[in-house]
Amino acid sequence: MVAEVLKCLWKYRNYLIIFLTPLLILPLPLAINTPQAKCGFVIILMALYWCTECIPLAVTALLPVILFPMMGIMESGEVCVQYLKDSNMLFIGGLLVAIAVEHWNLHKRIALRVLLIVGVKPALLMMGFMGTTAFLSMWISNTASTAMMLPIAQAVLNQLSRTEEAQDREQQEAAGVDNEAFHMSDMKEGPTKEPVGDEEWGSATMEERRLRREQKYLKLTKGMSLSVCYAASIGGTATLTGTTPNLILKGQVDELFPKNGGIINFASWFGFSFPNMLLMLVLSWFWLQFMFLGLNFKKTFGCGSKNKADKEAYQVMKNEYKSLGTISFAEGSVLVIFVLLVVLWFTREPGFMPGWATVLFNQDQTFVTDGTVAIFMSTLFFLFPARLPSCSRGNGQENWKAPPTLLNWDVVHEKMPWNIILLLGGGFALARGSETSGLSQWLGDSLSPLKEIPPFAISLLLCMLVGTFTECSSNTATTTLFLPILASMATAIELHPLYVMLPCTICASLAFMLPVATPPNAIAFSYGNLKVMDMAKAGLMLNVIGVLSINFAINTWGMAMFELNSFPPWANVTHTKP
């Protein structure tokens with residue numbers, strides 16, 4: 001009876017969480033009738049809804065539109081305007097570029113070209129897949145890059161396994177001929193010698209070889225699957241548009257510290273995060289190499305030797321690349337627009353010299369931002385044709401049909417993750433509500449005793465906390481919840497806000513331990529014959545590597561880039577209570 005009741009409650013758990021959670025925390029705003037307590041009620045409610053995912057994340061992100069006006073925290077118009085800010089435009093522009101790249105299969109052409117250069121030796125193959133996946137994840141979604149790269153990896157490993165199996169079979173047949181000749185020579189010498197059982201011995205040897213081969217490729221498949229999904233998460237941290245938490249940080253910094261002078265832009269983010277991404281990628285490759293391939297570098301690197309299995313596996317990738325055909329006009333156009341976008345992002349405000357935006361538009365104030373550039377360049381996909389216009393004759397009639405554009409709205413509507421835009425907006429609304437209600441100032445005052453702790457220890461502990469929290473919550477929700485609190489704490493103890501906000505934002509993307517932590521993990525779990533313990537053991541060390549790497553970066557070149565050793569004047573904001 002008890003078991004049935006528990007089973008029933010488990011089936012209805014989402015409804016229980018939806019209706020019981022507000023009732024359980026309702027005493028907070030009733031007992032403490034202040035704007036801070038009311039805002040705290042909204043944040044706690046949204047945090048629990050986000051963590052349990054009892055309702056869709058995007059729907060939870062809309063709660064400030066309902067609750068902030070009804071509780072007297074903010075006017076409805078002020079709340080709603082938070083849902084489509086400059087950071088959202090940057091996100092939309094970046095996604096449109098990614099959709100165009102995926103739509104014309106440009107990402108697959110780039111990936112296969114790189115893999116053909118790297119080769120198929122196990123260590124080099126893993127390095128090639130990790131590097132290619134990380135690069136693609138810098139520009140397209142982590143999920144898309146993982147979903148594209150894993151089937152390629154699976155096909156290559158299957159071919160290697162089949163070729164090795166065929167070689168073993170050939171050796172067995174050759175051994176059978178030798179054994180037969182040996183027995184015939186024994187018969188000529190006389191019947192005095194006893195048979196040595198070569199057939200049984202050969203059969204046992206082949207069975208052992210088969211088991212060893214299966215075990216070897218099982219480990220290799222696990223390692224390759226994990227390397228791809230981990231590289232996707234790591235690669236997304238390298239660019240401002242690579243993953244959603246990066247844009248949340250930019251939006252929160254601009255919202256909470258409006259006089260920051262555009263300290264976070266595409267160029268500054270890339271300058272800090274790209275070297276850190278490379279460091280994490282190399283260390284992760286060493287760890288996965290050790291776990292799944294061992295430390296026999298002569299064997300895993302091959303030292304220039306190529307056997308039949310390598311050549312046939314290489315041919316699989318070559319055939320896949322050939323099936324794409326020659327580069328089309330559409331692919332070339334998308335590539336040109338993509339390269340121009342990246343160049344314009346880097347040169348808008350490079351930091352060491354005035355950028356083109358400063359010279360042409362931003363003399364007195366910031367008119368043109370990274371979002372402006374992203375929307376301008378992504379609009380070109382809807383203006384340029386997918387093939388060269390031509391008026392040809394077919395069946396005796398002139399064909400005047402105009403070519404389609406590089407992108408159309410049906411493709412965008414199908415592939416655009418609109419829910420993320422609402423998630424971004426919900427985070428910005430929470431940040432503004434915390435500031436307006438005075439909750440940020442209260443949190444800052446409460447956390448002021450942390451001033452006695454060394455800054456590097458604060459950063460390290462917070463990174464570990466965020467890295468743990470993001471394993472069981474979406475990285476978007478984790479960043480949205482933590483960043484306003486971290487900003488308040490930094491202001492209260494007069495610590496540069498980016499010293500804690502930047503590393504914690506990157507740590508929110510390092511969810512490596514559980515299949516449900518990120519979509520790339522889930523895809524790899526379905527492809528690689530993985531067990532949860534395999535991912536947990538590999539991911540635990542990668543979490544440690546990530547936290548240490550990020551804190552090393554923030555205390556070395558990050559310190560110099562953002563002048564983190566001093567408290568900036570723009571962070572010394574005064575929160576006014578309504």
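I count a contact as heavy atoms within 4.5 Å. The model here is predicted, so I took local features at pLDDT of at least 70, side-chain atom pairs at pLDDT 80 or more, and totals for chains, interfaces and linings from all residues. My numbering starts from 1 along each chain as its sequence is written, and side-chain values use heavy atoms, with hydrogens and water left out.

**A524**

I found A524 in helix 26, residues 519-527 (helices are DSSP runs of H or I, at least four residues, numbered from the N terminus). At 0% relative accessibility A524 is buried (under 20% relative accessible area, 1.4 Å probe, protein chains only; over 50% is exposed, in between partly exposed). Leaving aside neighbours within four places in sequence, I listed L150, S225, C229 and L530 as contacts of A524.

**Salt bridges**

I looked for a Lys or Arg side-chain nitrogen within 4 Å of an Asp or Glu carboxyl oxygen, and the structure holds nine such salt bridges.

One of them pairs E331 with R109 at 2.8 Å, N to O. E331 sits in helix 17 (329-348) and R109 in helix 9 (106-118), so this pair ties together parts 222 residues apart in sequence. Both E331 and R109 are buried.

D370 and R348 also meet at 2.8 Å, N to O. Here helix 19 (370-379) is tied to helix 17, the two residues being 22 apart in sequence. I noted D370 and R348 as buried.
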